[in-house]
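Good morning, everyone, and thank you for coming. Before I start, please take a moment to look at what is on the screen.

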Amino acid sequence: MIKTKNQYINREISWLRFNDRVLQESADTNVPLIERLRFLGIFSNNLDEFFKVRYATVKRIVDAGKKGKSALGGETAKDLLAEITKIVIDQQASSVNILKEIQEELEGQNIFIIKETELSETQRGFVKDYFLKKVSPQLMTIILNDLTEFPILKDTAAYLAVKMIIIGDQIAEDKEKRYALIEIPKGIDRFVVLPKEGNKNYIIILDDLIRYCLRNIFTMFEYESISAHMIKITRDAELDMDNDLSKSFIDKISSSVEHRKLGDPVRFVYDKSIGKDTLRFLKEKMNIEDTDSVIPGGRYHNRRDYMGFPSLGRNDLMYDKIDALPVKGFSMEGSLLEQIAQKDYLQYTPYHTFSYIIKFLREAALDPKVKTIKITVYRLASNSQVAASLINAVKNGKQVTVQIELQARFDEQANIEYAEQLQAEGVKLIFGVPGLKVHSKICVIEREEDEGMKRYGFISTGNFSEATARIYTDYTLFTAHESILKELNKVFDFFETTYKINKYKHLVVSPHYTKSTFQKLIDNEIANAIVGKEAYIKIKMNSFTSYKMVDKLYEASRAGVKIQLIIRGICCLIPGVKGMSENIEAISIVDKFLEHPRMFIFGNEGDPKIYISSADWMTRNLDYRVEVGCPIYDEDIKQELLDTFEISWNDNTKARIFNEQQDNSYLKNDLPKVRSQFAMYDYYLKKLDM
């Protein structure tokens with residue numbers, strides 16, 4: 001193995017570069033204006049989660065007095081924290097400028113986001129009334145000066161830090177100052193739509209509406225001036241599990257989710273125009289340390305709220321909504337089970353309708369011949385038809401087993417509530433495997449037929465959520481392949497008998513076999529390349545951080561295997577380095593939909609082996625989670641997956657190139673323009689006419 005100075009890209013830095021690509025979407029003038037605002041919100045939300053999880057993890061390494069170089073790709077944890085903070089400060093500054101540009105363009109569309117100082121007489125009356133009726137009853141306001149302990153600020157909640165200079169005879173610098181915090185209520189829309197004036201739309205941000213009404217809040221103080229500036233903190237989101245054996249697993253997760261609210265702060269963001277005295281007061285009271293990331297920002301924080309920016313009826317400023325298509329030959333009118341018994345079908349959301357999964361579960365719930373349903377749940381929609389279908393099945397006498405992952409990051413509370421609801425209805429719950437998260441997306445049912453018990457099921461690359469299925473691209477294979485479904489049953493057996501490690505001939509299952517199976521498939525391509533045969537690997541994933549798998553692809557590249565990677569997010573591999581990775585090309589696509597499928601294609605001497613999986617090539621997916629990959633045997637579906645990979649690979653509109661510089665440069669060439677997500681929809685539309 002050739003050792004170069006930059007053998008890997010650090011995963012945290014690569015993640016920040018991914019978020020740069022999201023920020024690029026907000027700056028792209030070809031993206032509809034309101035969608036650009038929403039991408040700005042996604043960028044901000046991503047950053048919040050990054051600090052809760054990844055920055056917090058690196059900070060824990062520093063606090064433990066360790067360097068962490070082996071785990072961090074050769075960089076010390078302390079240096080990495082400083083580098084992250086520098087990058088984020090630059091990104092925040094860029095995002096503020098982009099927001100300013102978008103607001104100027106919105107004004108050209110007669111949409112005005114105005115401050116409290118810009119209200120007309122009519123608008124002032126509306127704002128006062130809105131404040132008294134809707135905002136004031138929900139405000140949490142804390143006077144800070146006389147408190148013996150500083151209040152615990154909520155993770156990523158936004159606060160207005162208020163400073164009042166009290167009227168007195170002292171000279172200016174000696175006058176009494178009163179400090180307070182106002183928590184911005186989450187139960188009220190952040191963007192308050194004001195009465196329309198002519199053809200002009202006006203919006204005031206809730207923060208500014210509160211600023212306008214400060215005198216209504218602090219009537220008990222006589223002050224000569226008052227100011228309010230935004231602050232927020234981000235806390236370590238790691239779950240610290242309780243070891244009390246008397247507690248149920250649900251109780252332990254509930255307790256640790258509650259404890260997360262008290263996690264150590266890892267990032268402090270403030271309005272850079274805040275007074276130095278106010279900032280000093282807050283940092284001292286909050287014990288902000290040097291290893292915390294202190295980020296000067298703009299007037300508004302929690303820009304994630306822009307994900308919910310009001311449409312104002314302006315469909316021309318948003319992406320056109322697509323009508324989800326049927327899968328060719330897979331009729332929603334007849335029995336899905338009867339059709340699946342004849343052949344496999346592939347659903348690719350959001351191009352295809354998610355309704356097939358609901359219809360499958362509804363049919364299983366009502367069919368008298370169906371005896372059992374087993375399914376894994378990682379994330380569900382807030383009003384889930386999947387959960388409703390499973391409860392319906394129980395009421396019809398089916399044996400329903402649900403493996404629900406209570407430690408799904410940031411969905412713990414929702415999954416706890418679903419677990420309690422399902423359990424109350426008689427669903428048998430499995431809470432996973434000690435030390436492992438269950439991230440697989442699988443379902444198998446058993447149906448009593450004339451020739452005996454027959455199985456049907458589906459295997460997916462994404463969550464069984466109606467909400468994410470509208471914006472995440474994911475494959476789901478519906479099959480009655482007996483050998484595959486028999487092995488799916490083995491996975492469910494493992495959930496309950498964890499000491500028994502099953503063997504699989506078809507499925508690729510973590511944590512025992514995913515890494516070794518894919519390494520063997522890579523070795524096969526290496527062997528073919530060495531003897532001069534065509535050898536190639538095509539992979540589409542969310543993230544690629546396993547150094548062992550990176551090294552394996554480097555080995556394949558040096559042997560002459562041609563490798564194409566489509567990685568949406570983190571990529572620790574450096575493509576195109578002579579003597580190390582010169583036969584590897586890698587791109588990332590960030591566009592209207594979130595690219596989420598995992599697909600693996602190996603040339604295999606002209607008879608490609610193709611898999612879909614729930615697993616990225618990350619250490620956690622390979623070694624610390626239960627994941628399921630599935631081979632594709634149907635020749636038509638294999639061709640379809642090859643086609644969809646090529647459509648994505650040929651994107652020269654929204655594809656960015658991975659390189660050592662990590663500059664997110666767009667892939668440009670002289671070929672006809674291809675925007676893969678739009679071309680993908682056209683591909684499936686044409687299939688219906690074939």
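Let me begin with terms: two strands pair if DSSP finds at least two bridges between them, and strands (E, at least two residues) and helices (H or I, at least four) are DSSP runs, numbered from the N terminus. Please keep in mind that this is a predicted model, in which local features need pLDDT of at least 70 and side-chain atom pairs count only at pLDDT 80 or more, while totals for chains, interfaces and linings use all residues. Residues are numbered from 1 along each chain as its sequence is written, and side-chain values use heavy atoms, with hydrogens and water left out.

With that in place, β1 pairs with strand β6, residues 200-205, in the parallel sense over four bridges, and I114 stands opposite I204 in β6. These strands belong to an open sheet of three, in the order β1-β6-β5, with mixed pairing. Because β1 (111-114) and β5 (191-197) stand at the edges, each with a single partner strand, one side of each is left without a neighbour in the sheet.

Helix α4, residues 121-135, packs on this sheet and touches β1, β5 and β6, where contact means heavy atoms within 4.5 Å.

Turning to strand β4, residues 177-183, six of its seven residues are buried, that is, under 20% relative accessible area with a 1.4 Å probe, protein chains only. β4 runs antiparallel to strand β2, residues 140-143, joined by four bridges, and antiparallel to strand β3, residues 159-166, joined by seven. In β4, E183 is the bridge partner of M140, and Y159 also stands opposite E183.

Note on methods: Axes are lines fitted to C-alpha atoms, for helices over the stretch in contact, and angles run from 0 to 180 degrees between N-to-C directions. Buried means under 20% relative accessible area, exposed over 50%, partly exposed in between (1.4 Å probe, protein chains only).
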